[in-house]
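Opening my notebook for today.

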Amino acid sequence: MQDQDQSAIDVRSALEVKELRRSQVMEKYFWYLFPRESVPRGMRRYVQTWLLLFPLAGLSHVGIFVACLLTGVWPLVWLNLFSIPFYFVCLLLLRRGHYQLSLILMLFEITIHAWIGQYCLGVQSGFAGYIIAFLLITILQPFWSLKVTLGICLVGILSVAGLIILTYEHVPLFDLTAPSDMIVATIVWILWSLVIIGMVVPFSIEVRHSEAVLEEAWNESETLLLNILPAHLAERLKQTGGTLVDEHQHVAVLFADIVDFTSFTENMKPEAVVDLLDAVFAEFDEVAERLGAEKIKTIGDAWMAVAGDDDCDKTIALLALAIRDQIELFQNPVSGHPLKIRIGINSGRVVAGVIGRRKFAYDVWGDTVNVAARMEETGLPGRIQLPEEMIEKLPPRFKVTSRGSIEVKGKGFLRTAWLQQALPVE
């Protein structure tokens, strides 16, 4: 589990470093493409796209201006002399926060340019292709509702369709030779292709980055969910949601509590207390995972786990012996002696499930659980206590000695035993 958590942190850190370096390089050399700090976070990707789009549109009109100047199409020469500074005015409006106004002005200029270009040079000039930029600009904006956006797109389509119909048999004002027609049309399409690329590429980069961030967030949430719930319940919770409840006829339960933990940690710093518990319970979690048991929860300095496989009694007994020995690797910070732990185990019928809506938790309930908790409470340091009725469920390799009859809260007197050790498998 710790390796999974560390891996998730490493991947996230690598993504953050990569993103930071990319932003630093871009801001250093292309500072004018970055929105001001005052731009709302949800608007930044759009504003950044338009900050790239307007200069590209202005420069594209320089190319069209040159082509029209060389071919003598004077109406378009004068129109482009207007359009070039027009787009830089739109850029200024955009940087001052007039987002919708700058976009509306751009849509208006595109429509006028398409009509005049088509009227002057005819259908073959390619000016009707401005509709592609018109549609992309309309779609890639966050201001208008879907109905308004689709309505504007429909107006643009009808406008260009009407333009083509009206100019289909219209004699162009300028009768260019075939090579000139080809040159003008090629320049128009190349330049507007560049503008379209400039519009789409930033969104494509942002989408890829967002997908990487979402993938990482999904991996982190999966890791967190699997740290809280068993895998099969985590999958059910994602599919159905809400409360999940199951009844199990035979489950083994373990409770463990560090002896005198509260007393010897009274004078310790909070950080030291948490670090000690984290180290101890991390070892317990690892042992449980290796044996196939499931850690349910920690309650202060107490730790709870269950096993639900066919050999759950054997699994929980091996887990109890393992953590009893493991705890002695940790020292009492005050006395310097090894830590001691009380352990209680039991097996039988339980009800298990996920409860909660916002902060959900997986837990088990029932008389089996209560008896296991009482076995821990009435136990002794360094000992593993279990009810005698559980002895017959254990394989013969486990060495058990009787404790006799003790009073158990809510159960009266019960005969219990101590689990001593597990003999090697022959």
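Entry 1. I started with the contact between helix 5 and helix 6 in this predicted model. From helix 5, I listed Ile 131, Phe 134, Leu 135, Thr 138 and Ile 139. On the helix 6 side, they meet Thr 149, Ile 152, Cys 153, Gly 156, Ile 157 and Val 160. Sorting the residues of this contact, I got eight nonpolar, three polar and no charged.

Entry 2. How do the two helices lie? I looked up the angle between helix 5 (residues 130–139) and helix 6 (residues 146–167), and it is about 175°. Their axes are 9 Å apart. Angles over 145 degrees count as roughly antiparallel, so that is what I call helix 5 and helix 6.

Entry 3. Next I picked Leu 53, which sits in helix 2 (residues 44–71). Is Leu 53 buried or exposed? Its relative accessibility comes out at 1%. Buried means under 20%, so Leu 53 goes down as buried. I also checked Leu 53 against Ile 196, which is 143 residues away along the chain.

Entry 4. The chain averages a pLDDT of 80, and 78% of the residues score at least 70. Among the elements, strand 6 (residues 384–387) has the highest mean pLDDT, at 95. Helix 1 (residues 2–29) has the lowest, at 54. Over residues 1–5 the pLDDT stays under 50. For that stretch I noted six contacts beyond four places in sequence.

Note on methods. Residues are numbered from 1 along each chain as its sequence is written. This is a predicted model: local features need pLDDT of at least 70, side-chain atom pairs count only at pLDDT 80 or more; totals for chains, interfaces and linings use all residues. Side-chain values use heavy atoms; hydrogens and water are left out. pLDDT is the predictor's confidence in each residue, from 0 to 100. Helices (H or I, at least four residues) and strands (E, at least two) are DSSP runs, numbered from the N terminus. Contact means heavy atoms within 4.5 Å. Axes are lines fitted to C-alpha atoms, for helices over the stretch in contact, and angles run from 0 to 180 degrees between N-to-C directions. Angles under 35 degrees count as roughly parallel, over 145 as roughly antiparallel, 65 to 115 as roughly perpendicular and the rest as oblique. Ala, Val, Leu, Ile, Met, Phe, Trp, Tyr, Cys and Pro count as nonpolar, Asp, Glu, Lys and Arg as charged, and the others, Gly among them, as polar. Buried means under 20% relative accessible area, exposed over 50%, partly exposed in between (1.4 Å probe, protein chains only).
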